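I opened my notebook to look through one model, entry by entry. Here is what I looked up, in the order I went.

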Amino acid sequence: MRLHRQRAIASLALVLATGGVSGESIAPTYRHDWSEARSGLAYAGGSLAAMQSDDVANPGMLWVDRGSELWRGAAVSAPACAGCHAEGSMRGVAARLPAWSAPAGRVVDLEDRINACRVVRQREAPLPRGGDDLLALSAFVASQSRGLPLHVEVGGPARPAFERAQAFYVTRRGQLDLSCANCHDALAGRRLGSETISQGHPTAFPAYRLEWQGLGSLHRRLRACLYGVRAALPDEGAQLLTELELFLAWRADGLPVEAPGVRR
């Protein structure tokens, strides 16, 4: 499957290089090339939509259940999160993140916030990025914002991070010389091998991907995109990816949170 996708991406690069979309067509100040923001689920097909909408069939709910146990203090050394946070208090949190954090002095995402609570409040070590416990807690918290519109703040101290991410999004990179905008703006709705290119919105994450046979973070998905164009891979948890996450959330403003989503 990976080889098939790499060949499809290489073919797409050839189309772009021969006039399909030029780098000069992307304005320095970001402007997308679609008229309406659409969830990635709109491009995924009815069977995945049905799986995502059914909590019994959605495999991501296994991580939500695990996150609920961890939240109550089961199977971890740290005190229960529920000891400080009232039931229902997390609703809306995932819809407002990433956000600038004055204590951290940078933009942070949901995983950062969870680990900050562990380190500062619970005096425990941070959970590994990409590990099942952090994914489970993230899925549990994010699931409480399902249906709420994404809306992040990109002004004030967050502005430099937002502008760096915007520049990253429209800059060609990797051996295939493609930018994020080349695919997810200019070619959204077009076919890439057996799949349809989506607009690249982050509403479903953490999400269960059939290709992964497991739940994964948005950082993991962004790294997979960079791998696809054969670009340098920042580590999961890298500030660059968190800032890009902020830009993508701003770009998806108003779309509802779907986590845990289901994708191919």
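Entry 1, the sheet. I began with β5 (residues 207-209), which runs parallel to β7 and is joined to β7 by 3 bridges. One of these pairs I noted by name: R209 has R263 in β7 as its bridge partner. I call two strands paired if DSSP finds at least two bridges between them. My strands (E, at least two residues) and helices (H or I, at least four) are DSSP runs, numbered from the N terminus.

Stepping back, I found an open sheet of 3 strands, ordered β6-β5-β7, with mixed pairing. At the edges sit β6 (214-216) and β7 (261-263), each of which pairs on one side only. From one strand to the next the twist averages 35°.

A note on sources: the model is predicted, so I kept to the rule that local features need pLDDT of at least 70 and side-chain atom pairs count only at pLDDT 80 or more, while totals for chains, interfaces and linings use all residues. Residues are numbered from 1 along each chain as its sequence is written, and side-chain values use heavy atoms, with hydrogens and water left out.

I listed 9 helices and 7 strands. Of its 264 residues, 48% count as buried; buried means under 20% relative accessible area, exposed over 50%, and partly exposed in between (1.4 Å probe, protein chains only). Among contacts (heavy atoms within 4.5 Å) with a separation of 6 or more, 72% are between residues 24 or more positions apart.

The bond from L97 to P98 is cis, with omega near 5°, and P98 lies in the loop between α3 (61-71) and β1 (99-101). I found another cis bond from A259 to P260, with omega near -5°; P260 belongs to the loop between α9 (239-251) and β7.

Next I looked at phi. R123 is not a glycine, yet has a positive phi of about 55°; R123 sits in the loop between α4 (110-121) and α5 (132-143). Is R123 buried or exposed? R123 is exposed, at 69% relative accessible area. Q213 also has a positive phi of about 55° without being a glycine. I located Q213 in the loop between β5 and β6, exposed at 59%.

How many of the 12 residues of α5 are buried? I counted 10, so α5 is largely enclosed by the rest of the structure. Among the buried ones are L134, L137, F140 and V141. The buried residues of α5 pack against α3, α4 and β6.

The axes of α6 (residues 159-170) and α9 come within 8 Å and cross at roughly 85°. These axes are lines fitted to C-alpha atoms, for helices over the stretch in contact, and angles run from 0 to 180 degrees between N-to-C directions. I therefore put α6 and α9 down as roughly perpendicular (65 to 115 degrees). The residues of this contact divide into 11 nonpolar, 1 polar and 3 charged. Nonpolar covers Ala, Val, Leu, Ile, Met, Phe, Trp, Tyr, Cys and Pro, charged covers Asp, Glu, Lys and Arg, and polar covers the others, Gly among them. On the α6 side I noted F162 and F168, among others, and on the α9 side residues including L244, F247 and W250.

Note on methods:
Parallel < 35°, antiparallel > 145°, perpendicular 65-115°, else oblique.
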